[in-house]
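The sequence and structure come first.

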Amino acid sequence: MDNTLMIGLSRQMALRQAMDVVANNIANANTAGFKVESLLIENHAAPTASQADGPTDLQFADVWGMGRDFRQGALEMTGRNLDVAIEGDGFFAVSVNGAEQFTRDGRFHLDNAGQLTAHDGAPVLDAATRGPIMLNPSAQSTSISQDGTVTQDGVPVGTVGVFEITNLSGLSKQGNGRYVQTDNPDGRNDPQSMLSPVMRQGFVEASNVQPVVEMTDMMTIMRSYQSVSKFVEQAEDINRRAIERLGKV
């Protein structure tokens, strides 16, 4: 394939993935705890096709990773006594098929077994035991203090864990606004329970997506894609005319 077409194709492929990421951000603008994402693109050098002159290598657009902005979203009041938002750093932990996953989504519920769970039924983990938090469904009052202590009818029954993750780049997205840590095979960097977390009962952390910014990015990507398409069409036209002239010689 012609060098020009290869460069254009690599750029179009990267732009298509970038458009998917922006569209996903916009779709999750109202998802509690969602963190905005962006595609990380780098130049990738590769040898050119055989030619008598010109550069010895080409710079292709290459996708090498996904960036996430973990800055806190706005805290929105819900008034529900089992809704909790983290103010500052840290993540809640839930158990999914026996494995720990981490999230900023604090929309908690009480299931039929008396466990404090996430919105999809995954048990929320206790700060000390890292096990489920058991509640009494018949209790008259349930409150969650600033440090995560869960109290029912004046009696502490557990503590909602907030865990500190220092290497955010080691988090792998699992869906439902959750992450697992993938950079600690020997367990040395397991997330540890924060000593002094700050939580707000009756609040939920909103997504940190800025729709206006994402719409602007989407338009920029569309213009870039159109520009690359025009560039490829011009290159094809030049090749076609060159072949036509050679055919007449």
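## Surface and overall make-up

The chain has an accessible surface of about 14,100 Å², and carbon and sulfur atoms hold 51% of that area. Accessible areas come from the Shrake-Rupley method with a 1.4 Å probe, and for residues only the protein chains shown count as cover. The model is predicted: local features need pLDDT of at least 70, side-chain atom pairs count only at pLDDT 80 or more, and totals for chains, interfaces and linings use all residues. Residues are numbered from 1 along each chain as its sequence is written, and side-chain values use heavy atoms, with hydrogens and water left out.

Two helices and 17 strands make up the chain's secondary structure elements; these are DSSP runs numbered from the N terminus, helices being H or I with at least four residues and strands E with at least two. Of the 249 residues, 39% count as buried (under 20% relative accessible area; exposed is over 50%, partly exposed in between, with a 1.4 Å probe and protein chains only). Among contacts with a separation of 6 or more, 62% are between residues 24 or more positions apart; contact means heavy atoms within 4.5 Å.

## Nonpolar cores

A nonpolar core is a set of buried Ala, Val, Leu, Ile, Met, Phe, Trp, Tyr and Cys residues joined through side-chain atoms within 4.5 Å. The largest has 17 residues, and V84, F92, F108, L116, V124, V160 and M199 touch the most other members. Strands β4 (84-86) and β5 are the elements that give two or more residues to this core. A second, separate core holds 11 residues, including L15, A18, I221 and V228.

Beyond its neighbours within four places in sequence, M199 has contacts that include V84, F92, V160 and V162. N25 lies in helix α1 (residues 3-27) and is buried, at a relative accessible area of 0%.

## A three-stranded sheet

An open, antiparallel sheet is formed by three strands in the order β9-β10-β11; two strands pair if DSSP finds at least two bridges between them. Strands β9 (142-144) and β11 (155-159) each have a single partner strand, so one side of each is left without a neighbour in the sheet. Four bridges join β10 (residues 149-152) to β11, and T149 stands opposite T159 in β11.

## Positive phi in two loops

Most residues other than glycine have a negative phi. N97 has a phi near 55° and sits in the loop between β5 (92-96) and β6 (99-103). N97 is exposed, with a relative accessible area of 82%. R130 also has a positive phi, about 55°, and is found in the loop between β8 (116-117) and β9. R130 is partly exposed, at 27% relative accessibility.

## Aromatic pairs

The whole structure contains five aromatic pairs (Phe, Tyr or Trp rings, using the six-membered ring of Trp, with centres within 6.5 Å; planes under 30 degrees apart are stacked, over 60 edge-to-face, the rest tilted). F91 and Y179 are edge-to-face, 6.5 Å centre to centre with 75° between the planes. F91 is in the loop between β4 and β5 and Y179 in strand β14 (residues 178-181), 88 residues apart. Ring pairs link F70, F91 and Y179 into a cluster.
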